[in-house]
Amino acid sequence: MSKPRDQRAWLLVLPVVALVAFSALIPVMTVVNYSLQDTFGNNVFFWNGLGWFRDLLDPATEFGGRFRGALWRTLLFSALCLLIEVPLGIGVALTLPRRGWGVAASLVLLALPLLIPWNVVGTIWQVFGRGDIGLLGAALNGLGIDYNYAQDPLDAWITVVLMDVWHWTSLVVLLCYAGLRAIPDAYYQAARVDGAGAWAVFRAIQLPKLQRVLTIAVLLRFMDSFMIYTEPFVVTGGGPGNATTFLSIDLVKIALGQFDLGKAAAMSIVYNLIVLTVCWIFFATTTRGQSEAVGERS
Amino acid sequence: MDLSWMAWTWPSALFFGLFLAVLLVMTLLALRWPETERIGILRLPTTRGDRLFLTLLGAAFIHLGWLALAGEAPLWGASLLSLLFGAAMFRWA
């Protein structure tokens with residue numbers, strides 16, 4: 001049994017609570033209110049009870065089918081991003097120099113994509129992929145490959161996934177690199193004594209030691225890719241058709257495009273619950289790591 | 001102050017009122033008996049607040065699941081299940 005903590009310090013958090021109340025709590029309460037009603041504008045609302053939620057959760061309805069489609073697309077997008085970015089990030093981190101001027105140079109180069117605003121990343125890739133003036137699009141078309149992200153769903157998917165890989169793999173690399181640098185040299189010396197090869201060192205030393213940073217990387221990348229909006233919206237606008245309409249894009253289409261505030265509110269609550277659950281898993285995993293570390297030291 | 005843009009309804013006001021009351025009770029409990037962590041069936045250190053959070057999150061999913069699977073069955077069935085889930089969380093989590 002650990003000693004009870006003094007809780008009075010929480011009073012110092014009150015200003016932040018007030019700020020969050022205005023920026024988050026009041027809007028969330030409004031969204032909950034909207035989710036139970038329908039409106040045609042002018043602040044006139046009609047009670048709809050749990051109707052929007054029933055529609056949302058029933059794939060036979062137009063709204064439910066649309067939600068399910070967007071949810072699957074978002075999950076597929078997150079899965080593809082993780083499947084590419086995590087192994088690639090580990091691979092790049094393993095090849096980075098460990099000392100000398102190359103360390104700073106590589107880290108600065110790798111950090112560059114992370115510093116570019118999301119809408120700029122979208123614009124870069126929108127131009128990059130264009131068949132007439134874009135380097136990627138024109139080069140592929142020049143090679144005889146029929147590439148057009150504005151008309152072909154597969155091309156659109158390849159473009160948005162590649163864009164995310166370009167933008168965010170660096171984060172995985174930097175996290176893994178930090179994890180690799182934290183491994184004491186004694187482990188490598190022991191491996192050399194045992195005559196272990198590079199693969200054995202990776203399997204028995206580096207990968208287990210990277211477990212904690214990889215957990216953080218996977219959860220961060222999952223949450224970010226699951227909530228992605230700006231980049232695919234700028235590049236494809238959710239198209240062609242609905243091919244790259246992820247949950248966030250569909251939500252904005254319903255709320256602002258169609259002005260279906262009730263439907264959009266119900267959808268955003270369910271979306272928010274999914275994100276909140278992943279956030280909790282993230283919090284639980286990272287704090288468990290900390291408490292284990294404290295336990296190991298004491 | 002005109003709050004018509006928030007589109008308040010009595011059921012949602014009651015929901016948030018109950019929510020606030022639960023938070024107040026938990027705060028008072030924490031002041032009277034400061035929270036201590038323990039490790040339960042989740043194999044994670046949890047405080048009373050953590051267990052409340054898990055209860056509320058679980059209750060939201062139980063209600064959504066009920067709406068999706070139970071058809072027109074009355075929703076208090078989901079509320080009852082949530083109470084049982086909450087009791088289990090506070091007892092064993």
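Let's start with residues 75–92 of chain B. This span is 94% helix and 0% strand, and its end C-alpha atoms lie 26 Å apart. Helices here are DSSP runs of H or I with at least four residues, strands are runs of E with at least two, and both are numbered from the N terminus. Now residues 12–31 of chain B. That stretch is 100% helix and 0% strand, with 29 Å between the end C-alpha atoms. An unreviewed UniProt entry annotates "transmembrane region" over residues 12–31, 52–69 and 75–92 of chain B. UniProt positions follow the numbering used here, feature names are shortened, and annotations may be inferred rather than shown by experiment.

A word on ground rules. This is a predicted model: local features need pLDDT of at least 70, side-chain atom pairs count only at pLDDT 80 or more, and totals for chains, interfaces and linings use all residues. Residues are numbered from 1 along each chain as its sequence is written, while chains are lettered from A and ligands numbered from 1 in the order in which they are written.

Next, the interface. 27 residues of chain A are in contact with 22 residues of chain B. Contact means C-beta atoms, placed from the backbone, within 7 Å. On the chain A side, α1 (14–35), β2 (45–47), α2 (51–57) and α13 (261–297) each supply at least two residues. The largest share, eight residues, comes from α13(A). By class, the chain A side has 16 nonpolar, eight polar and three charged residues. Nonpolar covers Ala, Val, Leu, Ile, Met, Phe, Trp, Tyr, Cys and Pro; charged covers Asp, Glu, Lys and Arg; the others, Gly among them, are polar.

Take one residue, Phe45(A), in strand β2 of chain A. Beyond its neighbours within four places in sequence, Phe45(A) is in contact with Gln37(A), Thr39(A) and Ala7(B). Is Phe45(A) buried, exposed or partly exposed? Phe45(A) is partly exposed, because it has 19 C-beta neighbours inside 10 Å. Buried takes 20 or more other C-beta atoms within 10 Å, exposed 12 or fewer, partly exposed in between; again, C-beta atoms are placed from the backbone.

Last, the cores. A nonpolar core is a set of buried Ala, Val, Leu, Ile, Met, Phe, Trp, Tyr and Cys residues joined through C-beta atoms within 7 Å. The largest has 32 residues, and Ala266(A) is among those touching the most other members. α13(A) gives the most to this core, six residues. A second, separate core of 13 residues includes Trp168(A) and Val213(A).

Methods:
Contact = placed C-beta atoms within 7 Å.
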